[in-house]
Amino acid sequence: DPDSSDLLEPVGGGAAAEVVQEAAADGDMAPDPDESRGDEAAMLKWEPEPVTADGASSGGAAARRAPDVLAILVQIYGSKATFVNEFRKMLSEKLLASASHDTEKEVRNLELLKKRFGDAALSACEVMLTDVAESRRISRSIQQHFGGVSGGGEGATLIDATVVSRLCWPSLPTDTFTLPAGVKKEMARFEKQFAHIKAPRKLVWKPSLGTVTLDVTFPDGSVGDVQCKPLQATILLRFGAQQRWALADLASELGIATDVVRKNLSIWLNRGFISEVRDAGGGAVFEAATSLGAGDESRHDAGEDEDGDAVASLAEEQRIAEMKVYEQYVIGMLTNLESLPVQRIHNMLKMFVPASGGDRGYDCSEQELQRFLMHMVEEAKLEHSAGQYRIAGRH
């Protein structure tokens, strides 16, 4: 973040020196008047300011004591190599989740990190950013070739693909599912033109990654620019072709497990685009809403507490999945500090993952963090005893 880039400089240099110079310019570091007069008696009576004194009157000492945030992070992760590798994973997640291909901020942050860790350590990250910039150029070229017109028929949209260099990016998920026919046609058209531009290179698609923007239309209105994951978009499109689905039938149609379908249905259940009802045999059936808000009304009219509990459970699972990005932070903290209470972990995450620019940063409540930590305990990654969390198996 450019507003906090001074934290990336070693203590005593760079921005810290600038702060000291500014303080001197304001007169805060002016020579002591008793010393200037040569009054030794007065000098011997000098006493240091109490620790509660305002930092502004401490003659720039607070600036000199400013913490080196990168050094703290490296200490938490255990080594520079581990920190750089974790940064590469987080950069990968952020770049693949972005639909804009805007990397100006990431390039700026990478240049600051290169000053600290060197070009060689971050060469893979530089290739990743180059891939994104090249992908933007290729996607625009292919879209211009097709004249901005989709070949997938009505309702299909143009694909904006991120083409990555396999050897420089972290391992990417290989999850697959059955895509809609219109999307498959658009992907094949994009792939053919890519092969023409970049021969002999070819594309290997990762359909579970990326972001989809949808316009959802109902008889009484529409909701535009709805962003979701590709699997979530595929599920919703299935309800456009067939209004009512049993969970097992929908999972079979997509070629994935029922628990994965149920988890990814939660976004549409919460928005009221889809509602959960019971069939004659008491089994769960999902159906598309016929109007805006109809999904919410059907849930309330049914009056079934178990349905509300199921939706709440799905929302909780989705929130835990979103918080997975903080798991390595927690592991790093506990690796070096052995055990911590939830309050301390919460405060450290707020310090190390601040909001900046368009990023939310760490915005979880302490209660949400505690539920996430208990989830890690259930997965046998952590242990919890006497209010302290520690890595499982370490005593």
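The largest nonpolar core of this predicted model has 43 residues, and those that touch the most other members are Phe83, Met333, Ile345, Leu369 and Leu373. Several elements supply at least two residues each to this core: helix H5 (69-77), helix H6 (80-97), helix H7 (104-117), helix H8 (123-145), helix H15 (327-337), helix H16 (342-352), helix H17 (366-378) and strand S8 (388-391). The most comes from H5, which gives six residues.

Let me take one of these residues, Phe83. Apart from its neighbours within four places in sequence, Phe83 is in contact with Leu70, Leu73, Val74, Tyr77, Leu113 and Phe117. There is also a second, separate core; this one has 37 residues, and Leu247, Ile274, Phe286 and Ala288 are among them.

For the chain as a whole, the secondary structure comes to 17 helices and eight strands. The chain has 395 residues, of which 33% are buried. Taking contacts between residues at least 6 apart in sequence, 63% join residues at least 24 apart.

I turn now to helix packing. Two packed helices are described by the angle between their axes and the distance between the axes. How do H15 and H16 pack, in angle and in distance between axes? The angle is about 120 degrees, and the axes are 11 Å apart. The range for roughly perpendicular ends at 115 degrees and roughly antiparallel begins over 145, so H15 and H16 are oblique to each other. Their crossing is right-handed.

On the H15 side, this contact is made by Tyr329, Val330, Met333, Leu334 and Leu337; on the H16 side, by Arg344, Ile345, Met348, Leu349 and Phe352. By residue class, the contact of H15 with H16 divides into nine nonpolar, no polar and one charged. Met333 of H15 and Ile345 of H16, both in this contact, were named at the outset among the residues that touch the most other members of the largest core. The buried residues of H15 are Glu327, Tyr329, Val330, Gly332, Met333 and Leu334.

Helix H10 (residues 230-241) and helix H11 (residues 247-254) pack at about 115 degrees, their axes being 11 Å apart. The crossing of H10 and H11 is right-handed. H10 contributes Leu231, Thr234, Ile235, Arg238 and Phe239 to the contact, and H11 contributes Leu250, Glu253 and Leu254. The contact of H10 with H11 divides into five nonpolar residues, one polar and two charged.

Next, some details of the backbone. Most residues other than glycine have a negative phi, and most peptide bonds are trans. Glu338 is placed in the loop between H15 and strand S6 (339-340). Its relative accessible area is 56%, and Glu338 is therefore exposed, the threshold being over 50%.

Ala380 also has a positive phi, near 65 degrees, and is likewise a residue other than glycine. The loop between H17 and strand S7 (382-385) holds Ala380. At 55% relative accessibility, Ala380 counts as exposed.

Which peptide bond is cis, with omega near 10 degrees? The bond in question runs from Ala199 to Pro200. Pro200 lies in the loop between helix H9 (181-198) and strand S1 (212-218).

Arg390 is in strand S8. With a relative accessibility of 22%, Arg390 counts as partly exposed, because the range for that class lies between 20% and 50%. Not counting residues up to four places away in sequence, Arg390 touches Leu334, Glu338, Ser339, Leu382, Glu383 and Ser385. Arg390 and Leu340 are 50 residues apart in sequence, and their C-alpha atoms are 6.9 Å apart in space.

Leaving aside neighbours within four places in sequence, Ser135 is in contact with His101, Ala161, Thr162 and Val163.

Key: Residues numbered from 1 in each chain as written. Predicted model: local features only at pLDDT ≥ 70, side-chain atom pairs only at ≥ 80, totals over all residues. Heavy atoms only, no water. Core = buried A, V, L, I, M, F, W, Y, C linked by side-chain atoms within 4.5 Å. Buried < 20%, exposed > 50% of the residue type's maximum accessible area, 1.4 Å probe, protein only. Helix = DSSP H or I, 4+ residues; strand = E, 2+ residues; numbered from the N terminus. Contact = heavy atoms within 4.5 Å. Axes fitted to C-alpha atoms, helices over the stretch in contact; angles between N-to-C directions. Parallel < 35°, antiparallel > 145°, perpendicular 65-115°, else oblique. Left-handed = near helix turned anticlockwise from the far one by under 90°. Nonpolar A, V, L, I, M, F, W, Y, C, P; charged D, E, K, R; others polar.
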